[in-house]
Amino acid sequence: MEIKLKHFKKHCDSRGQLVAIEDENDLGFPIKRVYYIYGASNEVRRGFHAHKELQQYLICMSGECKILLDDGHEKEVVLLNDPSVGLYIGPSMWREMFDFTPGAVLVVLASMHYSEMDYIRDYNEFIKYCTEANEGSQ
Ligand code: T46
């Protein structure tokens with residue numbers, strides 16, 4: 001599985017770091033929604049779904065957390081602990097977020113407004129969806 005980590009340009013000087021993100025230029029899609037997760041304890045595991053169309057960049061702005069990615073064939077775990085790095089997650093990718101450190105803030109830049117219709121929240125349905133998509137592309 002190809003993990004797409006984007007290293008955003010850092011403007012560093014004696015005052016600290018500044019990162020600017022421009023949607024089409026840096027992400028490749030217009031940002032329609034921003035949301036963030038904070039106050040998640042270390043025992044918590046979130047996500048457990050895939051999306052049909054949604055594209056997102058996940059950035060851990062403070063602290064760290066791990067993201068499990070599952071494309072229906074392979075699983076990978078990515079550690080996010082750098083506010084200048086974004087993890088791209090496209091359609092048909094199961095994700096779980098876990099191991100949040102105290103004070104961790106996970107910011108998500110999303111290509112679509114919120115739509116529950118875009119979610120696949122059942123793992124068996126996700127595998128079926130991937131299989132059908134593969135068959136359709138052959
Ligand atoms: C994702 C991962 C990384 C809204 O009303 N609007 C929103 O934009 C979002 C994202 C959520 N909600 C509501 C829906 C639920 O009642 O907030 C509640 C918690 O959402 P959910 O259980 O889906 O949260 P996570 O952390 O499991 O997943 C979220 C995103 O939903 C998902 O798209 O990729 O973060």
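Colleague: Leaving aside neighbours within four places in sequence, which residues is Tyr-36 in contact with?

Modeller: Tyr-36 is in contact with Val-105, Leu-106 and Val-107, where contact means heavy atoms within 4.5 Å. This is a predicted model, in which local features need pLDDT of at least 70 and side-chain atom pairs count only at pLDDT 80 or more, while totals for chains, interfaces and linings use all residues. Residues are numbered from 1 along each chain as its sequence is written, and side-chain values use heavy atoms, with hydrogens and water left out.

Colleague: Which strand holds Tyr-36?

Modeller: Tyr-36 belongs to strand S4, residues 33-38. Strands (E, at least two residues) and helices (H or I, at least four) are DSSP runs, numbered from the N terminus.

Colleague: Is Tyr-36 buried or exposed?

Modeller: Tyr-36 has a relative accessible area of 51%, so it counts as exposed. The cut-offs are under 20% for buried, over 50% for exposed and in between for partly exposed, with a 1.4 Å probe and protein chains only.

Colleague: How many Å apart are Tyr-36 and Ile-127 in space?

Modeller: They are 27 Å apart, C-alpha to C-alpha, and 91 residues apart in sequence.

Colleague: Changing topic, what is the phi of Ser-92?

Modeller: Ser-92 has a phi near 55°, a positive value in a residue other than glycine. Ser-92 sits in the loop between strand S9 (85-89) and strand S10 (94-98).

Colleague: Why does Ser-92 count as partly exposed?

Modeller: Because its relative accessibility is 24%.

Colleague: And where does Asp-99 lie?

Modeller: Asp-99 is in the loop between S10 and strand S11 (105-110). Its phi is positive, about 55°, although Asp-99 is not a glycine. Asp-99 counts as partly exposed because its relative accessibility is 27%.
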